[in-house]
Amino acid sequence: MEAVLNITGGPVSGTIRAHGAKNSVLPILAATLLGKGVSIISNCPDLTDVHATLKILCHLGCKAEYDGGIVTVDSSSVTRSDIPESLMREMRSSVIFLGAILARTGQAEMSHPGGCELGTRPIDLHLSALQSLGAETFEVSGIIKCKAKRLYGNEIILSFPSVGATENIMLAACAADGVTIIKNAAREPEIEDLQSFLTAMGAKIDGAGTSTIRVSGSKEKLRGAAHRILPDRIETATYLCAAAMAGGKIRIEDVVPEHNAAVLSALSEAGCSITAESGAIELARYKPLRPMHPIRTMPYPGFPTDAQSPVMAVCTRAEGTTVFTENIFESRFRHVGELARMGADIRVEGRVAIVSGVGKLSGTRVKCTDLRGGAALMVAAMGAEGVTSITDLRHIDRGYERPEEVLTQLGVKAERIEI
């Protein structure tokens, strides 16, 4: 059975609340493997990626349940150290289990991860870092295998501030003898959230949010802990873009405004009036959209690659030209063809996309190419004439909890239909 999301564009008005961060909950759920006992994770979004992660935990021998935004994981018994290909293919971030399984069992086995096709996302940084901690890594017929009788702390200098590699090192280092120092570490808020949870479990970590993270490994077993997932800054950015595109006024609560500083700056350039206060952001747009200064995706605190697609959708209606340079993934313009079906004028040259605003977009049937590309289509639909029918919603469902309900709260006609 296939689902279609029908959206009729028009101005927005209303208040919504941000869900928990997809990019935070997945590594934190993997981290529950490190502590023997029960962990209770609240503010968990109801996403297919979250449920895929729970399947992996259950496969490994844990008891994991989702109930109304709360995940309970009992990792007292871990009976396996492998993840089958069928589960790995459901999401790219499944590789985050590598460090956690290795730390808990001394060995790990998995195939290359699946998920959105955004181009190559090599895991060599992950493997070389684990080797620095004393693990043996090798690949046989497409299966990645790691083993280590003991892990030892070390200084690891990342060639690129990879979020996934930073998280994998943090997880593995918790079980290593001695001190591990990660230099050129990723600085994303989700790294800080992982540190908070690991600290609650009894780990000794500091420096998350800076380029240097220090982990003091311990032979003592970590314990289960309670933790609340931070707000999703990319979901927040997406709905701010939807309001900017449609016009009107929106208020998003349960957010951390500074996590969206780069996106707020870009939307302000486009002519939106933005007010940020503790825990909330208000955006209003009543005048025509203006083009933005050139946007270059960069590691945090730079402009997030995950927000590039929805912001590009906003620029398709701006009165001028905006240039996007994608520095993180080489295939993150796959949504451009679908936006063009709606009447957008976008020219792609390698990692650069030149967006010339048009007078109108027209609703039509479009297909999600990936998670954030699907978000771009939702945003574009908000500023299009007529009805936009978005298909292949499995991509959107990986990162957005029931978007049709959120848009309905804002006074938008949005309906999911099962065909």
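A salt bridge is a side-chain nitrogen of Lys or Arg within 4 Å of a carboxyl oxygen of Asp or Glu. The model is predicted, so local features need pLDDT of at least 70 and side-chain atom pairs count only at pLDDT 80 or more, while totals for chains, interfaces and linings use all residues. Residues are numbered from 1 along each chain as its sequence is written, and side-chain values use heavy atoms, with hydrogens and water left out.

**Exercise 1. Identify the partner of Lys183 in a salt bridge and state where both residues lie.**

Step 1. The partner is Glu155, and the closest N and O atoms are 3.5 Å apart.

Step 2. Lys183 belongs to strand S12 (residues 179–183) and Glu155 to strand S11 (residues 155–157), so that 28 residues separate them and the pair links distant parts of the chain. Strands (E, at least two residues) and helices (H or I, at least four) are DSSP runs, numbered from the N terminus.

Step 3. Buried means under 20% relative accessible area, exposed over 50%, and partly exposed in between (1.4 Å probe, protein chains only). Lys183 is partly exposed because its relative accessible area is 32%; Glu155, with 43%, is partly exposed as well.

**Exercise 2. Describe the open sheet that contains S2, and the contact of Arg17 with Glu253.**

Step 1. The sheet has 4 strands in the order S2-S17-S19-S18, with mixed pairing. Its edge strands, each pairing on one side only, are S2 (12–17) and S18 (273–277). From one strand to the next, the twist averages 10°; axes are lines fitted to C-alpha atoms, for helices over the stretch in contact, and angles run from 0 to 180 degrees between N-to-C directions.

Step 2. Two strands pair if DSSP finds at least two bridges between them. S2 and strand S17 (residues 248–253) run parallel and are joined by 6 bridges. Ile16 has Ile252 in S17 as its bridge partner.

Step 3. A salt bridge connects the side chains of Glu253 and Arg17 at 3.3 Å, N to O. Glu253 lies in strand S17 and Arg17 in strand S2, 236 residues apart.

Step 4. Glu253 counts as buried because its relative accessibility is 19%, whereas Arg17 is exposed at 51%.

Step 5. Both residues belong to a network of salt bridges that also links Lys249, Arg251, Asp254, Glu277 and Glu282. The structure holds 24 salt bridges.

**Exercise 3. Classify the aromatic pair found in a search of the whole structure.**

Step 1. A pair of aromatic rings is described by the distance of the centres and the angle of the planes. Rings of Phe, Tyr and Trp (its six-membered ring) pair if their centres lie within 6.5 Å; planes under 30 degrees apart count as stacked, over 60 as edge-to-face and the rest as tilted.

Step 2. The search finds 1 pair. The ring centres of Tyr239 and Tyr400 are 6.4 Å apart and the planes stand at 85°, so the pair is edge-to-face.

Step 3. Tyr239 sits in helix H8 (residues 233–246), and Tyr400 in the loop between helix H13 (394–397) and helix H14 (403–409), 161 residues apart. Both tyrosines are buried.

**Exercise 4. Trace the pairing of strand S23 with S21 and S22.**

Step 1. S21 (residues 321–325) pairs with S23 (residues 352–356) in the antiparallel sense over 5 bridges. Here Phe324 has Ala353 as its bridge partner.

Step 2. S22 (residues 345–349) also pairs with S23 in the antiparallel sense, over 5 bridges. Ile346 stands opposite Val355.

Step 3. The hairpin of S22 and S23 has 2 residues between the strands, and Gly350 takes a positive phi near 65°.
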